[in-house]
Amino acid sequence: MGAVACAGVTVTPAPSPSATDTVEIETASGVVAVRVEVADTPAERRIGLMFRDELAPDAGMLFLYDAPASGGLWMKDTTIPLSAAFFDASGRIIALVDMQPCTADPCPRYAPPTPYTGACPGGQPGRLRGLGR
């Protein structure tokens, strides 16, 4: 994956071939770095962070879409609470959500009111509050 640089989100490739990159979220009070696994195929996005028992506070997953999406994220078989930032094609954060674990159907979907081109779930609920504002 090549570097992706946007107004509010910069994805910097890892130095060696691996499943992790770094997302840097620029805020008024500084840059927040999140180590992410990249999910850029439908199969990777479908599995997401399912069945994880823990996730480091500075870790997450970066969901990238080829075209604007609107279906949102869900927490089916995700056992830990997460926060997520949705962003548009310019890299601007358009929504922040706190998501709760869900192990039985129906699981709620978490989506912003407008289409997005990426989402970055990770960390503890509330961790992202104040970003992108």
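The lining of the largest pocket comprises 13 nonpolar, 4 polar and 4 charged residues, where Ala, Val, Leu, Ile, Met, Phe, Trp, Tyr, Cys and Pro count as nonpolar, Asp, Glu, Lys and Arg as charged, and the others, Gly among them, as polar. The model is predicted, so local features need pLDDT of at least 70 and side-chain atom pairs count only at pLDDT 80 or more, whereas totals for chains, interfaces and linings use all residues. Residues are numbered from 1 along each chain as its sequence is written, and side-chain values use heavy atoms, with hydrogens and water left out.

A pocket is an open set of points on a 1 Å grid over the protein atoms alone, where a 1.4 Å probe fits, with protein on both sides within 12 Å along at least five of seven lines; lining residues have an atom within 4 Å of a point. The volume of the largest pocket is about 290 Å³, taken as the space filled by probe spheres set on the points, which are joined across faces, edges and corners. Of its 21 lining residues, Arg-45, Phe-63, Gly-72, Leu-73 and Trp-74 lie nearest the centre. At least two lining residues each come from helix H1 (42-47) and strands E5 (59-69), E6 (73-74) and E10 (116-122); helices (H or I, at least four residues) and strands (E, at least two) are DSSP runs numbered from the N terminus.

Phe-63 and Leu-73 also belong to the largest nonpolar core, where they are among the residues that touch the most other members, together with Leu-82, Phe-86 and Met-99. Such a core is a set of buried Ala, Val, Leu, Ile, Met, Phe, Trp, Tyr and Cys residues joined through side-chain atoms within 4.5 Å. Two or more of its residues come from each of E5, E7 (82-87), E8 (93-99) and E10, and E5 gives the largest share, 5 residues. A second, separate core of 10 residues includes Val-34, Val-36, Leu-62 and Ala-85.

One disulfide, a pair of cysteine sulfur atoms within 2.5 Å, is found in the whole structure. It joins Cys-102 to Cys-107, with an S to S distance of 2.0 Å, and is left-handed, at -90° about the S-S bond. Both cysteines are buried, that is, under 20% relative accessible area (1.4 Å probe, protein chains only), with exposed meaning over 50% and partly exposed in between.

Phe-51, in the loop between H1 and E5, counts as exposed because its relative accessibility is 58%. Beyond its neighbours within four places in sequence, Phe-51 is in contact (heavy atoms within 4.5 Å) with Asp-77 and Thr-78.
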